[in-house]
Amino acid sequence: MQKTFIKYVVVILTSAIFLILVIDVLLNKHTLENQQFNSFQAKIEQVTHTLENNRRELALLKNNLDKDYLIRAKAASYVVDRQEEVSMDVSKMKYLAELLDVDELHIIDENGIIASASVPQYVGIDMADDKQTRPFLDLLDSDSEDAYLIQDPQPNAAEGKVMQYVGVARKDQKGVVQVGFEPKRQMEAQSRNTYDYIFSRFPTDEGEELFVVDSETGKVLGHSEGIQRDFAEQYYQLSSLLACERGAYQAGTDGKQRYVVSRKYEDVLICAVLPAEVLWGKLLSDTFLTFIYLFLIETAVVLLLNYLVRRKVIDGIHQINENLSAITNGNFDTTVSVGGNREFEELSSGINRMVTGIVNISNRISAIIEISGIPLAAFEYESGINRVFVTSGLGELLGVTEKEVTQFCRDADAFDACIRRITERPAEGETDVYRIHDEKYVRIYMSESAEGKLGVITDVTAGIMEKKRMQYENTHDPLTGLYKFQHFKQLAKEKIQGMGEDEVCALVMLDLDFFKGINDTFGHDMGDHYLQSFSAVMSSMPHDHFLTARRSGDEFCMMIFGCRKREDVVKFLEEFYGKLRESRVALSDTECRAISASAGFAWTNDADAAISELLGWADEALYEIKRDTKGTFGEYTGQKGAIEL
């Protein structure tokens, strides 16, 4: 009887396992395709978003530059109308062009001839001879004193050089004043709006391709790997791509299938392609793992049933049902005890062993997890049952004692409260990752339904700490521990933009005095020690008012923020120099000297101030101090460069 029963059980379970595997393959295939479709849609959405942002940026840049160029053209016209001799002297025209910060300056007389110019070879050009210059003649016939023309960047008539020209009608006499600019910023902005440039900014997975096709001609306009290649494959053809908006498989000439997703955007199709073998590889891996788990479960169930079948069930069903009802309601401490004959005793013992096996199933799973070497713990409990099933290692992962784990197993509410406390401390920038303490992080996946809760907890400390280490190395100078210059500029920009109306801040440029002599005399190792000693003084300043960075070599920079007035900036600098004078560095067994550094600073209370401009002013002030005095700091004044303070 036992062998027959086990044989049928094995047949049924094996059949069920293969049926589950078939269903799992079908479901997983659909799920993987949906996940890949959503991933492609997200990337395509990022591409379109980037295109739109770049276009808005280009339009805004053009509008701002047009306004600026028109102001310069009007200023040039104003000067020319009041200083007529300027128009007759090339050197003065060049001087005026430099003064107005324009690349070219032309004066067109009433006959449409360039009468004077900052570029000598342009003098005498007839504006009516070329389609590029001809539109400016309309200004000569305009009755408006404020008539002007802003021309888009294009090759000029004289040299074919790409320029942008702006012309305004003269007020005191008939004529046109024209200024020209090399459109470097527009060309740079336009280059960032190409498909190849945008694709270069998007990381792609193994075998993944992103490309753009003209929806009318079918021409490939951009590709994530460049467009210097053959696009004869079927999945690059417009007729195939139009059928892939919901995702579809396309065959290549190599006979391999590819999963393709396309989306119409304006007059192009943005497309993403992944070899089907990549998807199928994931499917095969998931199916194999599922098979292993099901096989282990089948083995465990068969062994357990083989043991229980030896207990014959004859009578006492009502008593057994009562005991089983109590067990079903979560009272796992209930002992089934039906006496009277050997069969009842065997049945009771079997049921009790089954309950014990269920209670200890977490330990079996724990053993499997320990064998795998993965720092993982799982938990599960059903609605209406106050008992929680957990695997070993839960206490270590959550940072709780074994006594608390024992309490959790008996009290689901206490376990819920513990999980809530942990999930109130999410790791910054991570999904489902939470901080246990500063050197321990876990990822918690939890599925909740009407039947209960099921979760898995894994230790991700190594990955998080590695990510933090890499982030630190990307933003900090390895020798001094100060911020790298690029990261410093980003932080400083955020500080300036976040200033209140009653706040000021300052950018400070610093340079060590006599550092080359220290390197030459005492060696580069001592030079590095000297740099580190100086950096230590910078780092000792209050972090709620100072940002510090190493620019390069013996050049450093600071930002002093959170000040109410300029005098606060000066006070902080005096405090810094006081600490610097107290810091002495032993350069050899016989020589010890104080650190000497020169500094220049520029301050502002404008939240829209440009970092590069402030740094440039501070650099000018530093240059003056370095040249005249050394060992102190000075302020950028705008007229004389710097004033020593």
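Author: Happy to! This is a predicted model. Let's begin with Lys43, which forms a salt bridge with Glu208; their closest N and O atoms are 2.5 Å apart.

Reader: Nice. Which parts of the chain does the pair of Lys43 and Glu208 tie together?

Author: Lys43 lies in helix 1, residues 2-82, while Glu208 is in the loop between helix 4 (195-200) and strand 7 (209-214), so the bridge ties together parts that are 165 residues apart in sequence.

Reader: Are those two buried or exposed?

Author: Lys43 counts as buried because its relative accessibility is 12%, and buried means under 20%. Glu208 is buried too, at 2%.

Reader: How many salt bridges does the structure hold?

Author: There are 26 salt bridges. One of the others is between Asp68 and Arg72, with the closest N and O atoms 2.7 Å apart.

Reader: Where do Asp68 and Arg72 lie?

Author: Both are in helix 1, 4 residues apart, which is about one turn of the helix. There is a general rule behind that spacing: an α-helix has 3.6 residues a turn, so residues three or four places apart point the same way.

Reader: Oh, that helps! What else forms a salt bridge with Arg72?

Author: Asp101 does, and there the closest N and O atoms are 3.7 Å apart. Asp101 lies in the loop between helix 2 (90-99) and strand 1 (104-108), and Arg72 is in helix 1, so this pair ties together parts 29 residues apart in sequence.

Reader: Which residues are linked in a network of salt bridges?

Author: Lys62, Asp66 and Asp152 are linked that way.

Reader: Switching topic: how do strand 1 and strand 2 run?

Author: They run antiparallel, and 3 bridges join strand 1 to strand 2, residues 114-117. To find your place, look for His106, which stands opposite Ala117 in strand 2.

Reader: What about the turn in that hairpin?

Author: The hairpin has 5 residues between its strands, and Gly112 there takes a positive phi near 80 degrees.

Reader: Now cysteines. How many disulfides are there?

Author: The count is 0 disulfides.

Reader: Last one: how many residues does helix 18 have, and how far does it reach?

Author: Helix 18 covers residues 611-628, which is 18 residues, and reaches 26 Å from its first C-alpha to its last, close to the 26 Å expected at 1.5 Å a residue.

Reader: Which residues of helix 18 are buried?

Author: Among them are Ile611, Leu614, Leu615, Ala618 and Glu624. After helix 18 comes Lys630, which has a positive phi near 70 degrees.

Reader: Thanks, that was really clear!

Terms used. Residues numbered from 1 in each chain as written. Predicted model: local features only at pLDDT ≥ 70, side-chain atom pairs only at ≥ 80, totals over all residues. Heavy atoms only, no water. Salt bridge = Lys/Arg side-chain N within 4 Å of Asp/Glu carboxyl O. Helix = DSSP H or I, 4+ residues; strand = E, 2+ residues; numbered from the N terminus. Buried < 20%, exposed > 50% of the residue type's maximum accessible area, 1.4 Å probe, protein only. Pairing = 2+ DSSP bridges. Disulfide = S-S within 2.5 Å. Expected span 1.5 Å × (residues − 1).
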